[in-house]
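This report covers a two-chain model.

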Amino acid sequence: MKLKKYLTLTRAGIIEALQFRLSFVVMVIGNLLYLIVVYFLWKAIYASAGTDVVNGMTFTDTLIYLVLATALFNFMEMYTVWEIGRNIQSGKIVLDLLKPMEYRKYLFWSYSGAFVTQFFLTFLPTFIAVAVVTHGAIPMGINLLYFVVSVVMAVSINYSIDYIVGTICLYTESIWGINIMKQVIVLLLSGATIPIAFFPETLRNVVRFLPFQSIYNAPLSLLLNGSPGTETVLTTLGTQLIWCIVMLAISKAFWKASLRQITVNGG
Amino acid sequence: MSAIIEIKNVSKEFKVLNRREGLKGSLKDLFSRDYKIVKAVDNISMDIQQGEIVGYLGPNGAGKSTTIKMMTGVLEPTSGEILVSGNVPYQNRTKNAQEIGVVFGQRSQLWWALPLVESFKILKDIYQIPDEKYEIILKLYRSLVDIDPLLHKPVRQMSLGQRTLSDILAAFLHDPKIVFLDEPTIGLDVAMKSRIRTLIHALNKERNTTVILTTHDMGDVDALCRRIVIIDKGKMLYDNDIEHLKSFFGSYRTLKLRIDGDLKEKAKLIQKELPEFSVSVDEEWISILVDEDKAKVIDVLGKLQHSYNIRDMQLEEISTEEVIKKIYEEGVK
């Protein structure tokens, strides 16, 4: 009964997403273009490096990693910051705040529908395509299970970060700059645009202590590493879990403190 | 019986940055700590009983929305106490939300891309309305308005009137104790306004729902409210029956005239001719506030018709703004 309250929002999100058929086509084309750019860019990088293996990754490794990172991004990006920012500017946030449900949960579950749709319509097809095209370069075994668990936590961490940035919109009442900044930082430091293996030593060490690499790097390395040792799995998932809890706590506290001093537009 | 809403000496202050002019000023503003305190609501008290329809009036920026946001729990009062159905709204916003329904005339809480019935189903789950109750309320809706054609229409394809109607139905869906309607008839034509008024009236009767209505339309107030609260610049000016207010203002009408020639000059001449009424002028119209106890509008018009070439005329009921102006000038005893 309790869960139904949330799942109904997921359902609505799926129906809503399916209303806009054309946007899927546009998105698939956009992704293809991006992947073509990525392909040629890295091809050039490997050609100029003169060796087959750069920083411990072959061209195929890198490409699989980046394609899957893009697919992951497509379904994980919830545009929460946009949504919160727009709702603040238009004043619609008042209506959402007046639902008998925490705003944080309301927003998450409202988005979860798009999430499910994206998973089946973009991530899964990409995943299967990559697996088929590379003839089993993605190992299929227990690592799939780790991957799923890892992605669930990645989603949570990503949402918390978005929510924190969205909360900042309460103060600035503008979205564009903040959102772009967030996106660049998250995508870069999480290893979604360039695999973390390519980072310079110092940066790699810094990134290890930040939450971002738990979003893309963690699930992807668990997936692509055929037989990860128990220790690797535990540290990766453990780190993710810690970040999950920490970011959740921060985002909740920050929102609560900020909400007290909002001045919703149109008063 | 105790009141469903109790408001005791409530004030709300906003901190507003003192903005400076120009590019230089804007740059300075980035580092400014120069705030001024704006009192949006200043020491308001009232009790509202279950089942009442209260008209909450005031000009733009008077503090109406701020008061409503405090009652719904979105804003926390700077000082004073608010109890809504026994809850302190801003402390138990989620719990309070279960007891109230809200319609903001300018915005919709419905799911834009989905047919209305889907929005209803979502709200049913969110508010955890049991099936039987949901059926009962839908039956009631069917008896009040012709909703079947609306139910399967996506909200984004609805006209403003249909959307407002749907939003009102959505706000009453979980059988809340209180419904806040913030300018529900804004931008609607006369026929739709009247349908909406009938609907609100019927829902209030059937469910004994308390309705707090803010509006600029005296027609809404006339049709729906027994009790009126007027607020201006954050202060409460009036809290009493509509009859009381009517006995005070009901006999006033504004006669607006468009006359050939220089309006300002003509206005002066008319003022001389009608010393007992106040005459004002703007770019297009000469307005005469006629006290019908002293002279009938039709007689005034007849009198003026002899000496002026009247091209166009309008008759207006006294507006909220004028009511407030008069309260300031004369006070209500």
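## Pro149 of chain B

Pro149(B) is a residue of helix H6 (residues 148–151) of chain B; helices (H or I, at least four residues) and strands (E, at least two) are DSSP runs, numbered from the N terminus. Pro149(B) is exposed because 9 other C-beta atoms lie within 10 Å. On this count, a residue is buried if 20 or more other C-beta atoms lie within 10 Å of its own, exposed if 12 or fewer, and partly exposed in between, with C-beta atoms placed from the backbone. Between Pro149(B) and Met46(B) there are 41 Å from C-alpha to C-alpha, at a sequence separation of 103 residues.

## Basis of the model

The model is predicted: local features need pLDDT of at least 70 and side-chain atom pairs count only at pLDDT 80 or more, while totals for chains, interfaces and linings use all residues. Residues are numbered from 1 along each chain as its sequence is written, and chains are lettered from A and ligands numbered from 1 in the order in which they are written.

## Chain B overall

Chain B has 13 helices and 13 strands. Along the principal axes, the C-alpha atoms of chain B fill a box of roughly 70 × 55 × 45 Å. Of its 333 residues, 34% count as buried. Among the contacts in chain B with a separation of 6 or more, 71% are between residues 24 or more positions apart; two residues are in contact if their C-beta atoms, placed from the backbone, lie within 7 Å.

Chain B is assigned domain 1 (5–247) and domain 2 (251–317), with bounds that come from an automatic or database domain assignment. The C-alpha centres of domain 1 of chain B and domain 2 of chain B are 38 Å apart.

Leu224(B) is placed in helix H9 (residues 218–224) of chain B. With 21 other C-beta atoms within 10 Å, Leu224(B) is buried. Leaving out residues up to four places away in sequence, Leu224(B) touches Ile53(B), Arg197(B), Ile200(B), His201(B) and Leu213(B). For His201(B), 23 residues from Leu224(B) along the chain, the C-alpha separation is 6.4 Å.

Helix H7 (residues 160–172) of chain B packs with helix H8 (residues 190–207) of chain B at an angle of about 10 degrees, their axes being 10 Å apart. Axes are lines fitted to C-alpha atoms, for helices over the stretch in contact, and angles run from 0 to 180 degrees between N-to-C directions. H7(B) is therefore roughly parallel to H8(B), where angles under 35 degrees count as roughly parallel, over 145 as roughly antiparallel, 65 to 115 as roughly perpendicular and the rest as oblique. On the H7(B) side, Gly161(B), Thr164(B), Leu165(B), Ile168(B) and Phe172(B) meet residues of H8(B) that include Ile196(B), Leu199(B) and Ile200(B). By class, this contact has eight nonpolar residues, two polar and one charged; Ala, Val, Leu, Ile, Met, Phe, Trp, Tyr, Cys and Pro count as nonpolar, Asp, Glu, Lys and Arg as charged, and the others, Gly among them, as polar.

## Helix packing in chain A

Helix H2 (residues 21–49) of chain A and helix H3 (residues 59–76) of chain A have axes 10 Å apart and pack at an angle of about 155 degrees. H2(A) is therefore roughly antiparallel to H3(A). The contact of H2(A) with H3(A) contains ten nonpolar, four polar and no charged residues. Among the H2(A) residues in it are Tyr34(A), Tyr39(A), Trp42(A) and Tyr46(A).

The axes of H7(A) and helix H11 (residues 230–259) of chain A cross at roughly 25 degrees and come within 9 Å. H7(A) and H11(A) are therefore roughly parallel to each other. Their contact divides into 19 nonpolar, eight polar and no charged residues.

In helix H4 (residues 80–90) of chain A, the buried residues include Val81(A), Glu83(A), Ile84(A) and Ile88(A). Their cover includes H5, helix H6 (103–133), helix H7 (142–172) and helix H8 (176–189) of chain A. Gly91(A) follows H4(A) and has a positive phi, near 85 degrees.

## Contact between the chains

In the contact between the chains, 23 residues of chain A meet 25 residues of chain B. On the side of chain A that touches chain B, helix H1 (2–19) and helix H5 (93–97) of chain A are the elements that give two or more residues. H1(A) provides the largest share, eight residues. This side of chain A divides into ten nonpolar, six polar and seven charged residues.
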